[in-house]
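I opened this structure to look up its helices, its sheet and its aromatic rings. My notes follow in the order I checked things.

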Amino acid sequence: MSAGKPPPGTSWGSDNGAKGRDDSHAIYDLVIPHPSADGASLNEEGRHMAEQLGVFIQNKCEESGWTQKPYIFTSTLPRAVETATICAEQCSSNTRVESVSALNPVDVGACHGMTLGEIRQMLGQEQLVKMRKHPGTARLPGGESQFDVTKRLEPFIVDYLERQRSPVVVVSHLSTLQILYEYFLGSGADTKGRAFWALSMPVGTVIQLTARFGGASAGVSWQETRFQL
């Protein structure tokens, strides 16, 4: 979920006057939501998108000939749980849904309720340069870095994802999904100088990662395919 600009599926927040303005200026007016917004539910458009996702998952399982039921993992936030539940209702019976706190959004610490422009001003140019230089360890005051989130995701990945033989669906939030993507694709934020928050994941996009085994020496690689709902 994009900080400050929720996708159309959430019932909280607004675009803060961004419509009709130049994006390069409007983006600094976007507000990082306060934790009180974590309890928000989906609106009608969000529920429709969740239904579309469920139909997509069911069709994908049938096309691929998977006989095992998909396993849907979600964060503990109500809107994510609601999305996963609606998805499961559109799939075959007995589709499993499990909430995992490791999939919760990246903690932005003291910056909840601030605009991106205010955060830039608070940090100052010197700190911003350091964050761009070392995106893996960059964190907002009191918040989490990419490495912090990766550390909390690793037990979930090992204990839940890597041991699954069923198709796995992860319903989470933009920041967490970006870091999860980095983990599997292995691009390495500090080695390639690309921050996780710069990864493109448009609303309504399903990213499918399929394991490819290249032998004992090659290990596992991941084939990426994107679908637009």
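**Entry 1: helix H2**

The buried residues of H2 pack against helix H3 (78-90), strand E3 (168-171), strand E4 (205-213) and strand E5 (220-228). I take buried as under 20% relative accessible area, exposed as over 50% and partly exposed as in between, with a 1.4 Å probe and protein chains only. Contact means heavy atoms within 4.5 Å. Helices (H or I, at least four residues) and strands (E, at least two) are DSSP runs, numbered from the N terminus.

Before going on, I noted the ground rules. This is a predicted model, where local features need pLDDT of at least 70 and side-chain atom pairs count only at pLDDT 80 or more, while totals for chains, interfaces and linings use all residues. Residues are numbered from 1 along each chain as its sequence is written, and side-chain values use heavy atoms, with hydrogens and water left out.

Back to H2, residues 44-64. I find 21 residues in H2 and a reach of 30 Å from first C-alpha to last, close to the 30 Å expected at 1.5 Å a residue. The expected span is 1.5 Å times one less than the number of residues. Which residues of H2 are buried? They are Gly 46, Ala 50, Leu 53, Gly 54, Phe 56, Ile 57, Gln 58, Lys 60 and Cys 61.

I then looked at the two ends. Asn 43 caps the N-terminal end of H2, with a side-chain oxygen 3.1 Å from the backbone nitrogen of Glu 45. Just after H2, Gly 65 has a positive phi of about 75 degrees.

Arg 47 sits in H2. I list Arg 47 as partly exposed because its relative accessibility is 34%. Leaving aside neighbours within four places in sequence, Arg 47 is in contact with Leu 42, Glu 82 and Ile 86. Arg 47 and Glu 82 are 35 residues apart in sequence, yet 8.3 Å apart in space, C-alpha to C-alpha.

H3 has 13 residues. H3 reaches 19 Å from its first C-alpha to its last, close to the 18 Å expected at 1.5 Å a residue. Its buried residues are Arg 79, Ala 80, Thr 83, Ala 84, Ile 86, Cys 87 and Ala 88. The cover over the buried residues of H3 includes H2, E1, E2 and E3.

**Entry 2: the sheet**

I traced an open sheet of three strands in the order E2-E1-E3, with parallel pairing. E2 (96-99) and E3 are at the edges with a single partner strand each, so one side of each has no neighbour in the sheet. Neighbouring strands here are turned by 20 degrees against each other on average, direction ignored. Two strands pair if DSSP finds at least two bridges between them.

How many bridges join E1 to E3? I count four, and the two run parallel. E1 (residues 71-74) and E2 also pair in the parallel sense, over four bridges. Phe 73 stands opposite Glu 98 in E2 and opposite Val 170 in E3. Thr 74 stands opposite Ser 99 in E2.

Next I checked the faces. E1 is covered on both: Tyr 71 and Phe 73 on one side, Ile 72 and Thr 74 on the other, all buried. In E3 the side chains alternate.

**Entry 3: aromatic rings**

I find eight aromatic pairs in the structure. Rings of Phe, Tyr and Trp (its six-membered ring) pair if their centres lie within 6.5 Å; planes under 30 degrees apart count as stacked, over 60 as edge-to-face and the rest as tilted. The rings of Phe 184 and Trp 222 have centres 5.0 Å apart and planes at 75 degrees, so this pair is edge-to-face. Phe 184 lies in helix H6 (residues 174-185) and Trp 222 in strand E5, so the pair ties together parts 38 residues apart in sequence. Phe 184 is buried at 17% relative accessible area, while Trp 222 is partly exposed at 31%.

Tyr 71, Phe 73, Phe 156 and Tyr 160 form one aromatic cluster.

**Entry 4: whole chain**

I closed with the totals. The protein chain has seven helices and five strands. Buried residues make up 39% of its 229 residues.

Methods:
A polar contact is a pair of N or O atoms within 3.5 Å; within protein, one must be able to donate a hydrogen and the other to accept it, and residues adjacent in sequence count only if both atoms are side-chain atoms. Axes are lines fitted to C-alpha atoms, for helices over the stretch in contact, and angles run from 0 to 180 degrees between N-to-C directions.
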